[in-house]
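Biologist: Please show me how to read a model like this one, feature by feature. I would like the general idea each time, then the case at hand.

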Amino acid sequence: MSASTDVRNEPDDTVVRIESDGIVLVGDLRAPSGRDRRGAAVLLHGGGQTRHSWRRTARRLAGAGWAVLSLDLRGHGESGWAPDGDYLLDAHVRDLRAAVERLGEPPVLVGASLGGMTSLLALGEDPGLARGLVLVDVTPRTERTGTSAVTRFMRAGHDGFASLDAVADAVAAYNPHRPRPRDPAGLRKNLRHRDGRWYWHWDPRMVAERQTTPETLDLNERRAVAAARSLRVPTMLVRGTGSDVVSRDGAREFLDLVPSAWYLEVEGTGHMVAGDDNDVFTGNLLAFLRHVAEDADGRAAGPERP
């Protein structure tokens, strides 16, 4: 594994390139702005997103003393696409291990959806990989109707969009909790422009049948349950109250598996909770990170259980 860096125009923000399985993963490494360094955090986005979904969160975490690596998952954003189309969870876990190796210290893993499941499985298999875990709207048992809706949304864009307005309409239809942007130009960083049409900035093979068969999903669920039972680091689960992917029952089941976990529900948000109400999410994330930095035992009082 190898890594190189290129300095960006933003202060303390560096583009990092990490090799894993012959694929180059691209991330932003943001250094703490003050002298008191609290540790490191790795931010992993959900399927179909890019590292830019964490931009505001990364800045606030760096301002609070955390070195923050926001990574484009394989097949997403500026990261390379898997030549063999391998986007199974084991492949993402290998990539995460390479990213942690690049940091050179156990970080707090903060993962949304796909990024959260990757983080959970990686930590379950290697307890020393990280010093804390934050799962954003993902649990071992997710609602299949919700995950199917995500898959349908991702597949619906295979043929591209005629305009940025059409992209904004599609996002608004899928995620009514989030206001439609007045200026859809902000969506450009999540898109590629080719032959007069706009395409999502990820490999369409991400949602190939290989990744979404019932057998694969069942296996992932069993592995995630086992990983949750094995957790020994401070853990927080975040759920949007309008989520169709993580139900209250699913959250309760996770908290039964990890009784010491903090739990946060964010009102008026859905599956994209980290982006729907970024300030509320980030404020609570910072409180959890302070708890981790103080080396508490993971049982401090957090928000009430569902």
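Biologist: Which way do the residues of E5 point, and are they buried or exposed?

Modeller: In general, side chains in a regular strand alternate between the two faces of the sheet. In this case, Trp 66, Val 68 and Ser 70 point one way from E5, while Ala 67, Leu 69 and Leu 71 point the other way. Both sets are buried, a word that stands for under 20% relative accessible area, with exposed for over 50% and partly exposed in between, using a 1.4 Å probe and protein chains only. With six of its six residues buried, E5 is largely enclosed by the rest of the structure. As for the labels, helices (H or I, at least four residues) and strands (E, at least two) are DSSP runs numbered from the N terminus.

Biologist: Before we go on, what sort of model is this?

Modeller: It is a predicted model, in which local features need pLDDT of at least 70 and side-chain atom pairs count only at pLDDT 80 or more, while totals for chains, interfaces and linings use all residues. Residues are numbered from 1 along each chain as its sequence is written, and side-chain values use heavy atoms, with hydrogens and water left out.

Biologist: Which strands are joined to E5 by bridges?

Modeller: Two strands pair if DSSP finds at least two bridges between them. E3 and E5 run antiparallel and are joined by four bridges, with Arg 30 standing opposite Val 68 in E5. Strand E4 (residues 39-44) runs parallel to E5, with six bridges between them; there, Ala 40 has Ala 67 as its bridge partner.

Biologist: What is the handedness of the β-α-β unit made by E4, H1 and E5?

Modeller: Point the strands away from you and follow the path from the first strand over the helix to the second: clockwise is right-handed. E4, H1 and E5 make a right-handed unit. Elsewhere, strand E10 (residues 235-240) and E11 pair in the parallel sense over five bridges, and Arg 239 has Glu 265 in E11 as its bridge partner. The chain crosses from E10 through helix H8 (residues 248-257) to E11, and this β-α-β crossover is right-handed too. Strand E11 (residues 262-266) is mostly covered, with four of its five residues buried.

Biologist: How many cavities of 30 Å³ or more does the structure hold?

Modeller: Rolling a probe the size of a water molecule over the atoms shows where empty space is left. On a 1 Å grid over the protein atoms alone, a cavity is a set of points where a 1.4 Å probe fits but cannot get out, and lining residues have an atom within 4 Å of a point. Points are joined across faces, edges and corners, and the volume is the space filled by probe spheres set on them. Here there are two such cavities. The largest has about 100 Å³ of space and twelve lining residues, with Asp 13, Asp 28, Arg 55, Ala 58 and Ser 70 nearest its centre. Strand E3 (23-30), helix H1 (55-63) and strand E5 (66-71) each supply at least two lining residues, and H1 gives the largest share, three.

Biologist: Which classes of residue make up that lining?

Modeller: Seven charged, three nonpolar and two polar residues. Ala, Val, Leu, Ile, Met, Phe, Trp, Tyr, Cys and Pro count as nonpolar, Asp, Glu, Lys and Arg as charged, and the others, Gly among them, as polar. The second largest cavity, with about 40 Å³ of space, has five nonpolar, two polar and three charged residues in its lining. Leu 71 and His 92 are among them, and helix H2 (residues 89-103) supplies the largest share, three residues.

Biologist: How many aromatic pairs are there?

Modeller: Rings of Phe, Tyr and Trp (its six-membered ring) pair if their centres lie within 6.5 Å; planes under 30 degrees apart are stacked, over 60 edge-to-face and the rest tilted. The count by this rule is three. One of them, Trp 54 with Phe 281, is tilted, at 6.1 Å centre to centre and 40° between the planes. Trp 54 lies in the loop between E4 and H1 and Phe 281 in helix H10 (residues 278-293), so the pair ties together parts 227 residues apart in sequence. Trp 54 is buried at 1% relative accessibility, and Phe 281 is buried at 0%.

Key
On a 1 Å grid over the protein atoms alone, a cavity is a set of points where a 1.4 Å probe fits but cannot get out, and a pocket is an open set with protein on both sides within 12 Å along at least five of seven lines; lining residues have an atom within 4 Å of a point.
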